[in-house]
Amino acid sequence: MNNKEYENTPFGKYALLIDTDSCSVEIGPVCEYLLGEVKGEWTDEQITKICDYLDNRLTVDLNNHCIELCKNVFLSDYCSIEFKREKCARLGMFLQKKNYSVLVYDSEGVRQKKWSHTGNILKKSTTPKKLKEKMREIVEVASVEKWTQSDFSKYCYSFYDELKTWDLLDFCKSCGYSTEKKFSEPFNMNGVSSANAIAVNLYN
């Protein structure tokens, strides 16, 4: 189901990202409808109210649409598609499909306030620790403070000046090796090669 087809569904005007088996939805209109304008932190009661609405209203509407889709497109009364809410987040940065960072307040019914990073440089095993910490700081602060393009540009200049003071080792990823299978086997250099190639590019 592409984006144009999705525009006609109950979630259409709120959809941020759509994948084969997942959908990210803008819940701002829902929050405004249920809570009005909230300037401070969400309370537990408010989070519960939002999640209950998502579970009992929006998710139900989406699943009903899937049933209609199976009947009208696949000519079948059997629908094996059923969506369930996974996360409820208040802030986020979506770059592309399967590449986003969100501040999660509820994950499958478990209350929390924790950043979740998916598919970006913060999740890659080849990202050096120091760089990962810096990028995490940028993503999280930018989302909370709602940076504009001008804010990003100003920070990029200062960040670049800071990067120039880093040593090459700050861009490197430490890798370990296991020789448990056969001591005579050569070390696998694929992991360290890709990691250090990235380090050199970043350093340059």
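Predicted model: local features only at pLDDT ≥ 70, side-chain atom pairs only at ≥ 80, totals over all residues.

Residues are numbered from 1 along each chain as its sequence is written, and side-chain values use heavy atoms, with hydrogens and water left out.

**Stop 1: helix H3**

Select residues 44-73, which make up helix H3. Helices (H or I, at least four residues) and strands (E, at least two) are DSSP runs, numbered from the N terminus. H3 has 30 residues and spans 41 Å from its first C-alpha to its last, close to the expected 44 Å; the expected span is 1.5 Å times one less than the number of residues. Now centre on Leu-54, where H3 has a kink of about 35 degrees (the bend is the angle between axes fitted to the seven residues ending at a residue and the seven starting there). Just after H3, Leu-75 has a positive phi of about 55 degrees.

**Stop 2: Arg-85 and its partners**

Select Asp-55 and Arg-85, which form a salt bridge with the closest N and O atoms 2.8 Å apart. Asp-55 lies in H3 and Arg-85 in the loop between H3 and strand S3 (87-96), so the pair ties together parts 30 residues apart in sequence. A salt bridge here is a side-chain nitrogen of Lys or Arg within 4 Å of a carboxyl oxygen of Asp or Glu.

Asp-106 lies in strand S4 (residues 99-107). Both Asp-106 and Arg-85 are buried, whereas Asp-55 is partly exposed at 29% relative accessibility (buried means under 20% relative accessible area, exposed over 50%, partly exposed in between, with a 1.4 Å probe and protein chains only). To see the network of salt bridges, show Asp-44 and Arg-111 together with Asp-55, Arg-85 and Asp-106.

**Stop 3: between H4 and H5**

Select Glu-162 and Lys-134, a salt bridge with its closest N and O atoms 3.1 Å apart. Glu-162 lies in helix H5 (residues 149-163) and Lys-134 in helix H4 (residues 129-145).

**Stop 4: the aromatic cluster**

Finally, select Trp-147, Phe-152, Tyr-155, Phe-159 and Trp-166, which form one aromatic cluster. Rings of Phe, Tyr and Trp (its six-membered ring) pair if their centres lie within 6.5 Å; planes under 30 degrees apart count as stacked, over 60 as edge-to-face and the rest as tilted.
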